[in-house]
Amino acid sequence: MKDLLIVGTVAFDAIETPFSKTDKILGGAATYIGLAASNFPIKSGIVSVVGNDFPQEYIDLLKNKNIDLKGLELVEDGKTFFWSGRYHNDMNSRDTLDTQLNVLADFEPKVPKKFRDVKVVMLGNLHPAVQLSVLEQVENTNLVVLDTMNFWIESTPDLLKEVISKVDVITINDEEARELTGEYSLVKAARKINEMGPDYIVIKKGEHGALLFYKDEMFFAPALPLEEVFDPTGAGDTFAGGFTGYLAYKNDYSFKAMKNAIIYGSNLASFSVEKFGTERMLSLDKNDINNRLDLFNSLTQFEINLTD
Ligand code: AMP
């Protein structure tokens, strides 16, 4: 049995921030998720699609991180998914300048045989029809996690709701949770999303951390306050990769494990934003991760004696 199946875009991104700008670089939801999850000793694989313009160098880079690419289809006469975005001065919000689906438009995912029996499925950001098709091809899963974004909430709401009804966990950012439910209060929004299907609801608030809702319980993980944020692209996906990588590694899907998973996700996301694109994730080691987990501990632990 494999540990983690990742579905999502493998892409070219062009990013503009108030400080700098890139040409087409490696991006995509599945790329960030895979790189984050590769920090755990698990067997993970990606289901996605690229065109003939996708360089071998990027394929090697993912393979070198032990990510299985049997499910990455190459369309010989197609172009890779392209996304471009520009960040505002606060670096917490951005405008999408361009989304070119290219090979993603007609993609029919095929989950490799060896990945059909898998503990955790991470349905990263991409067309809900592809997410549904993947769900139909897997069996015996312990946990299915969904991430999505405004693009799909607006363009394919019914299909997206169908996927939402079939998953255990959803990760979504605050504005998207409001858009999906029509509720301003995140507590009310979480309750409405819970009624749509998922038991666990993770609402990401960018530099303000992430909230986890489960039944009547709530948990909050801060984002680590950083001196410099260079490029927030992929932070949400890196978070999802840390979250699912940890859960698949522990094979524990309790509320307690979810809380730790959120901390792992936030920890890895805090690295991802320090450099452009995937650069920081490629140079990360165990020491960096553990030192920062210590910082998370000291940031959030306090003791109040109620008798004082
Ligand atoms: P995040 O910053 O976590 O929202 O993720 C950014 C990544 O999502 C980029 O690398 C993009 O390639 C990818 N992306 C952007 N728009 C979409 C979309 N509509 N569907 C799937 N992936 C997308």
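## How two helices pack

Helix axes here are lines fitted to C-alpha atoms over the stretch in contact, and angles run from 0 to 180 degrees between N-to-C directions. Helices (H or I, at least four residues) and strands (E, at least two) are DSSP runs, numbered from the N terminus. This is a predicted model, where local features need pLDDT of at least 70, side-chain atom pairs count only at pLDDT 80 or more, and totals for chains, interfaces and linings use all residues. Residues are numbered from 1 along each chain as its sequence is written, and side-chain values use heavy atoms, leaving out hydrogens and water.

Let's look at helix 3 (residues 128-137) and helix 5 (residues 157-164): their axes lie 9 Å apart, at an angle of about 30°. The two helices are therefore roughly parallel (angles under 35 degrees). Pro128, Ala129, Gln131 and Leu132 of helix 3 make the contact with Leu159, Leu160, Glu162 and Val163 of helix 5 (heavy atoms within 4.5 Å).

## Rings that pair

Rings of Phe, Tyr and Trp (its six-membered ring) pair if their centres lie within 6.5 Å; planes under 30 degrees apart count as stacked, over 60 as edge-to-face and the rest as tilted. The count is twelve aromatic pairs. In one of them, Tyr214 and Phe255 are stacked, 5.7 Å centre to centre with 20° between the planes. This pair links distant parts of the chain, 41 residues apart: Tyr214 is in strand 12 (residues 210-214) and Phe255 in helix 9 (residues 255-272). Both Tyr214 and Phe255 are buried (under 20% relative accessible area, 1.4 Å probe, protein chains only).

Ring pairs also link Phe40, Tyr246, Tyr249 and Tyr264 into a cluster.

Conventions: Buried means under 20% relative accessible area, exposed over 50%, partly exposed in between (1.4 Å probe, protein chains only). Angles under 35 degrees count as roughly parallel, over 145 as roughly antiparallel, 65 to 115 as roughly perpendicular and the rest as oblique.
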